[in-house]
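The following account considers the overall fold first and then the open spaces at its surface. Please keep the model in view while reading.

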Amino acid sequence: MLFVEANGAKIPAIGLGTWELRGRTCARIVEQALRLGYRHIDTAQMYDNEREVGEGLRAAGVKRDQVFITTKVWPSHFAPHDLERSAKESLVRLRLTEVDLLLLHWPNPQVPLVETLGGLARVKRQGLARHIGVSNFTVALIEEAIAACSEPLVCDQVEYHPYLDQTKVKDACARHGMAVVAYNPLAKGRIKNDRALLRIGDRYRKTAAQIGLRWLVQQDVAAIPRTSRLERLSENIEIFDFELSDEDMQELSAMGSSSGRLTDFGFAPKWD
Ligand code: 1BO
């Protein structure tokens with residue numbers, strides 16, 4: 001397994017996303033993923049599955065220090081004391097003493113960012129999170145966050161796949177030593193049947209999904225594909241035995257535009 005290194009964090013390049021996985025299915029898929037070699041699991045307070053992620057982790061019997069666990073604080077808990085309480089509640093549900101990465105799930109213009117980041121940095125100093133970062137932050141918000149935070153931010157977790165150009169966010173992260181972590185890396189399943197990715201995949205004997213994930217990892221981006229199917233779990237992690245050529249990387253990068261976004265909400269920031 002390859003790692004993406006960022007401001008002191010070593011993030012396994014492929015993780016399991018758990019958005020919309022619930023109950024037994026979630027616990028079972030987390031356990032199976034870890035048994036298959038995944039070492040990075042992504043959850044969030046808002047996904048309502050932290051308890052099951054913790055169950056899957058214990059059932060797999062993998063040593064705690066071998067697994068990178070990320071969770072996220074929902075924006076309604078960004079007032080500093082709420083943030084600390086919310087982080088502690090996440091740990092109780094996960095039955096862990098610390099997470100590897102704690103993220104602000106979405107920006108919240110109602111609470112001054114400097115206050116929220118103060119709370120986030122305190123949570124890190126208390127040892128509840130080894131690393132901290134943000135999610136769904138634009139370039140302007142990344143710059144504001146970097147200037148306001150007393151602890152290093154290690155990533156911006158954003159939607160990223162070949163249909164969505166994220167050059168600006170990627171460049172901003174690189175300027176500050178932060179990693180990009182890609183959610184929806186398979187574009188909600190659309191990648192699977194994409195003709196260009198299938199054609200490239202034929203040359204490497206890989207599926208279109210594997211080509212899409214490899215394209216991310218080869219840019220030093222970590223990806224957290226979600227699936228509830230065992231065969232897809234193995235498919236998504238079998239991407240470390242080949243390398244895309246520069247031409248193929250360029251062809252895939254040229255497919256993206258700003259209109260390729262699939263996850264958007266009324267509360268989202270004004271995207272770059
Ligand atoms: C609303 C959840 C988006 C992905 O984390």
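The protein contains 10 helices and 10 strands, taken as DSSP runs (H or I of at least four residues for helices, E of at least two for strands) and numbered from the N terminus. Its radius of gyration is 18 Å, close to the 19 Å that the globule rule gives for 272 residues, so the protein is as compact as a globular protein of that length; the radius is taken over C-alpha atoms, and the rule is 2.2 Å times the number of residues to the power 0.38. This is a predicted model, in which local features need pLDDT of at least 70 and side-chain atom pairs pLDDT 80 or more, while totals for chains, interfaces and linings use all residues. Residues are numbered from 1 along each chain as its sequence is written, and side-chain values use heavy atoms, without hydrogens and water.

Buried residues make up 57% of the 272 residues, where buried means under 20% relative accessible area with a 1.4 Å probe, protein chains only.

The largest pocket has a volume of about 560 Å³. A pocket is an open set of points on a 1 Å grid where a 1.4 Å probe fits, with protein on both sides within 12 Å along at least five of seven lines; lining residues have an atom within 4 Å of a point. Volume is the space filled by probe spheres set on the points, which are joined across faces, edges and corners. Of its 34 lining residues, Asn-184, Lys-188, Pro-225, Arg-226 and Thr-227 are the closest to the centre of the largest pocket. Helix H9 (residues 230-237) supplies the largest share of this lining, three residues.

The second largest pocket holds about 190 Å³, and strand E2 (9-12) gives the most to its lining, with three residues.

Terms used: Buried means under 20% relative accessible area, exposed over 50%, partly exposed in between (1.4 Å probe, protein chains only).
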